[in-house]
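Please open the model in your viewer and keep the sequence panel beside it, so that each selection can be followed in turn.

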Amino acid sequence: MTKYFGKKVKYKAIFIDIDDTILDYVPCCREAFDAALPEHPEHFRLFFDIAGRLFSEAKHGKYTIAEVMDLYPKEFIAAIGYPESAVEPFTHAFRAAWGNTHTLVPEAKEMLDTLRDKGYRLFAASNSFGHLQRNRLERAGVLSYFEDTYISMDIGYDKPDIRFFEEALRRCGLKASEVLMIGDSMTTDIEGARKAGIDALFFDRRGGASLMELIKEL
C-alpha cells in the first residue's frame, strides 16, 4: 500500500533518494565486497550485517555517516581476524568498487522518465560520498535526469537532519511546500522530510512496492 504523507498539492520538484530507491543496494554492496575481498565471499553476510547495524544507528543520531564509513570496515576486519593494517586497503578497494556499482531498482528508469515527462524538476538526495554517488548514477545512465545531486558529504549534514533538507531547498530555490520527497527509509527520508515541512512518499521495497504504482497519482 502506498504511504503518502502530505496534502497532495501540485509540486514543482521531487527529491529522490538513491540507494534502494534508484539503485539496488544489496547487489551493489555484494559486487563491491567481492571486488574488495574476492578470496572470502563467505564473509559477505557478516560485512553486510555490521554495515547495516551501524547505518541504522546513524539514522537515529548515534553516528554521522562519515563516522560509519570509517567504523564498519574497521569492525569487519577485526571480526574476521585480519590485522589492523588490512583496514585501509580493504576500505580503499571497497569504496573504489562501490563507486562503479550501478544496478538499478526495477522500474527506476521508467519512473524517472514519467516524472520528467510530467514536468517535475528532479533532484537526488542521498547520504554518502558525492563523487561516488554521482559516478554510480552516471554509470547507470540516469544522472542526466537530475538537475542537481544533494549528497550528505557535500551538504555537510546527513538525512534526517532538518539542515540537510533546508540546504537542499536553498540550493534549488524552492519552498518546502513545492517539493515532494520519495525514499525507502521512514527515518531518513520520510520523517526527515516531514520535519522540514516537505511532503513525502514512502517506497516500501520490503513490502513489495512498485515504483510505477507509487507515482501513478502524481
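Select Gly119 to begin: this glycine follows helix α5 and has a positive phi, near 95°. The model is predicted, with local features needing pLDDT of at least 70 and side-chain atom pairs counting only at pLDDT 80 or more, while totals for chains, interfaces and linings use all residues. Residues are numbered from 1 along each chain as its sequence is written, and side-chain values use heavy atoms, with hydrogens and water left out.

Next, select α5 itself, residues 108-117, where Ala108, Met111, Leu112 and Leu115 are buried (under 20% relative accessible area, with a 1.4 Å probe and protein chains only). These residues lie on the same side of α5, because they cover an arc of only 95° around the axis, taken from the directions from the helix axis to the C-beta atoms. They pack against β2 (13-16), β3 (121-126) and α10 (211-214), where contact means heavy atoms within 4.5 Å.

Move on to α8, residues 162-172, and colour its buried residues, Phe164, Phe165, Glu167, Ala168, Leu169 and Cys172. Their cover includes β2, β3, β4 (148-151), α7 (152-155), β5 (179-183) and α9 (186-195). After α8 comes Gly173, whose phi is positive, near 70°.

Finally, show α3 (residues 65-79) with α4 (residues 87-98), which pack at an angle of about 125° with their axes 9 Å apart; the axes are lines fitted to C-alpha atoms over the stretch in contact, and angles run from 0 to 180 degrees between N-to-C directions. Among the residues that meet there are Met69, Tyr72 and Phe76 in α3 and Phe90 and Phe94 in α4.

Conventions: Buried < 20%, exposed > 50% of the residue type's maximum accessible area, 1.4 Å probe, protein only. Helix = DSSP H or I, 4+ residues; strand = E, 2+ residues; numbered from the N terminus.
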